[in-house]
Amino acid sequence: MANQPARDEPVDIRYDNARQRLEISWADGHESAYDYELLRWRCPCAECAGEMGHPGQLQFVQQLRPEQYALHSIELVGHYAVRPAWSDGHDTGIYAFDKLRGMDETAAEDLRRKAAGQERALGPGGGAGRDGSGGSSGADQSTAGNR
Ligand SMILES: [Zn+2]
């Protein structure tokens, strides 16, 4: 039998409303943290992210309202996902663990930027996860050249 711990299997899930982040400890020992706002932008439900041929509503907004990324509660969905309920009442996004693990680096980079007070690539135009029309709606990403 395979003895190695599954990469996308969480052993502990915590959320911290003060810091607005969801933290996951994975079976292989890795730790991930996800900013609520990033999670909300990445909501995978049909309404937010769209379905085949239909754009999701998040593609038409530039900014989220604070209640849209304030976590109200979060529940497990089987053994494969979590379903957060946001303070605006939205709770249809089911975040599979393999997806969450897959966006781990994006999330870490996002938190670094947030901590550094830099502009973050959160919205539909920025970052990974959404392919298609090359970003014409350009928030110019000023690469701070301070080394
Ligand atoms: Zn959604």
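Let's start with a sheet in this predicted model. Three strands form an open sheet in the order β6-β7-β8, and their pairing is antiparallel. Which strands stand at the edges? They are β6 (71-77) and β8 (95-96); each has a single partner strand, so one side of each is left without a neighbour in the sheet. Between β7 and β8, which run antiparallel, there are two bridges. If you look along this pair, you will find V82 opposite Y95 in β8.

Now turn to another pair of strands. β2 and β3 (residues 31-35) run antiparallel and are joined by five bridges. Here I24 stands opposite S32 in β3. The two strands, β2 and β3, form a hairpin with four residues between them. In the turn of this hairpin, G29 has a positive phi of about 95°.

| Strand pair | Direction | Bridges | Residues standing opposite |
|---|---|---|---|
| β7 and β8 | antiparallel | two bridges | V82 and Y95 |
| β2 and β3 | antiparallel | five bridges | I24 and S32 |

Next, the whole chain. How many helices and strands does the chain have? There are four helices and eight strands. Reading from the N terminus, the elements follow the pattern β-β-β-α-α-β-β-β-β-β-α-α. Of the 147 residues in the chain, 22% are buried. Among contacts between residues at least 6 apart in sequence, 36% join residues at least 24 apart.

What about the nonpolar residues? In soluble globular proteins, nonpolar side chains tend to be buried together. The largest nonpolar core in this chain has 21 residues, and L22, Y34, L38, L39, L58 and L100 touch the most other members. Two or more residues of this core come from each of β2 (21-26), α1 (36-41), α2 (46-49), β7 (81-86) and α3 (97-102). Which element gives the most to this core? It is α1, with four residues.

Finally, a word on confidence. The chain has a mean pLDDT of 86, with 81% of its residues reaching 70 or more. Over residues 127-147, however, the pLDDT is below 50. Beyond near neighbours in sequence, this stretch has 16 contacts in the model.

Notes: Residues numbered from 1 in each chain as written. Predicted model: local features only at pLDDT ≥ 70, side-chain atom pairs only at ≥ 80, totals over all residues. Core = buried A, V, L, I, M, F, W, Y, C linked by C-beta atoms within 7 Å. Buried ≥ 20, exposed ≤ 12 C-beta atoms within 10 Å, placed from the backbone. Pairing = 2+ DSSP bridges. pLDDT = per-residue confidence, 0-100. Contact = placed C-beta atoms within 7 Å.
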